[in-house]
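Here is a short tour for a first look. Keep the sequence and the structure side by side as you read.

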Amino acid sequence: MKLMFIRHGKAEERGTVEELIRPLTLEGEEKLWKYFPDLQEKLRGHNVEIWISPLKRSRQTGVILASVLGTERIVVQDFVSNGKIEQMLEALSKVPEGTLPILVGHEPHLSVWTYKLTGEEQYFKKGAVMLLETSGTLGGGSVLDYKTIKNLRDLELDLD
């Protein structure tokens with residue numbers, strides 16, 4: 001199964017507001033609107049489901065992505081913010097065949113999950129995208145590609 005991880009866009013500094021409602025900065029939103037259309041080109045014709053956390057910056061990133069992709073398939077998943085990989089694996093087991101789950105999440109969870117699924121270490125910059133292949137269990141997966149937000153047009157996206 002293929003799985004996409006995206007780190008939320010640039011957010012306001014920690015400590016400026018409560019973590020649950022800490023929003024994207026204007027610059028963060030603008031970058032997502034500018035570069036997410038490169039993903040739309042690559043995902044055209046594919047079924048996607050966007051998983052977001054309850055945290056505002058993940059929700060904002062997911063809504064922008066959904067708008068660009070022309071989908072309304074956004075699901076709030078608590079594990080995206082609490083980091084419980086067992087809950088993510090359970091959710092993955094229920095994804096219909098032919099659907100690409102796109103998880104819009106946070107550091108350090110994205111890095112930890114990547115390591116647990118693939119054994120590869122990768123820190124996610126804000127707005128970065130990774131395509132993984134996983135068996136739906138720990139270990140044995142692989143990172144297929146990783147790109148920062150400014151390089152999304154170069155993302156290798158073989159979903160077949």
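## Strand S2 and its partners

In S4, Val104 is the bridge partner of Ile52. This is a predicted model. S2 and S4 run parallel, and six bridges join them. S4 covers residues 99-105.

Ile52 also has a bridge partner in S3, namely Val76. Ile50 stands opposite Ile74, again in S3. Three bridges join S2, residues 47-52, to S3, and these two strands run parallel.

How many of the six residues of S2 are buried? Five of them are, so S2 is largely enclosed by the rest of the structure.

S2, S3 and S4 belong to an open sheet of six strands. The order is S3-S2-S4-S1-S5-S6, and the pairing is mixed. Which strands form the edges? They are S3, residues 74-76, and S6, residues 142-147. Each pairs on one side only. On average, neighbouring strands of this sheet are turned by 20° against each other, direction ignored.

## Helices on the sheet

H1 packs on the sheet. The strands it touches are S1, S2, S4 and S5. S5 spans residues 129-133. The direction of H1 makes about 170° with that of S1.

H2 is made of residues 56-69. This helix lies across S1, S2, S3 and S4. It runs at about 165° to S2.

## An enclosed helix

H5 runs over residues 109-118. Is this helix largely enclosed or open? Seven of its 10 residues are buried, so H5 is largely enclosed by the rest of the structure. The buried residues are His109, Leu110, Ser111, Trp113, Thr114, Leu117 and Thr118.

What covers them? The cover includes the strands S1, S4, S5 and S6. It also includes two helices, H3 (79-82) and H4 (85-92). Just after H5 comes Gly119, which takes a positive phi of about 80°.

## A nonpolar patch on the surface

Now turn to the surface. Val17, Leu20 and Ile21 form a nonpolar patch there. Together they have about 230 Å² of accessible area.

Where does Leu20 lie? Its place is the loop between S1, residues 2-7, and H1, residues 26-43. Is Leu20 buried or partly exposed? Its relative accessible area is 40%, so Leu20 is partly exposed. Buried would need a value under 20%, and exposed one over 50%.

How values were computed:
Residues numbered from 1 in each chain as written. Predicted model: local features only at pLDDT ≥ 70, side-chain atom pairs only at ≥ 80, totals over all residues. Heavy atoms only, no water. Patch = residues over 30% accessible without salt bridge, like charges linked within 9 Å, V, L, I, M, F, W, Y side chains within 5 Å. Areas by Shrake-Rupley, 256 points an atom, 1.4 Å probe, with all protein chains shown as cover. Salt bridge = Lys/Arg side-chain N within 4 Å of Asp/Glu carboxyl O. Helix = DSSP H or I, 4+ residues; strand = E, 2+ residues; numbered from the N terminus. Buried < 20%, exposed > 50% of the residue type's maximum accessible area, 1.4 Å probe, protein only. Pairing = 2+ DSSP bridges. Axes fitted to C-alpha atoms, helices over the stretch in contact; angles between N-to-C directions. Contact = heavy atoms within 4.5 Å.
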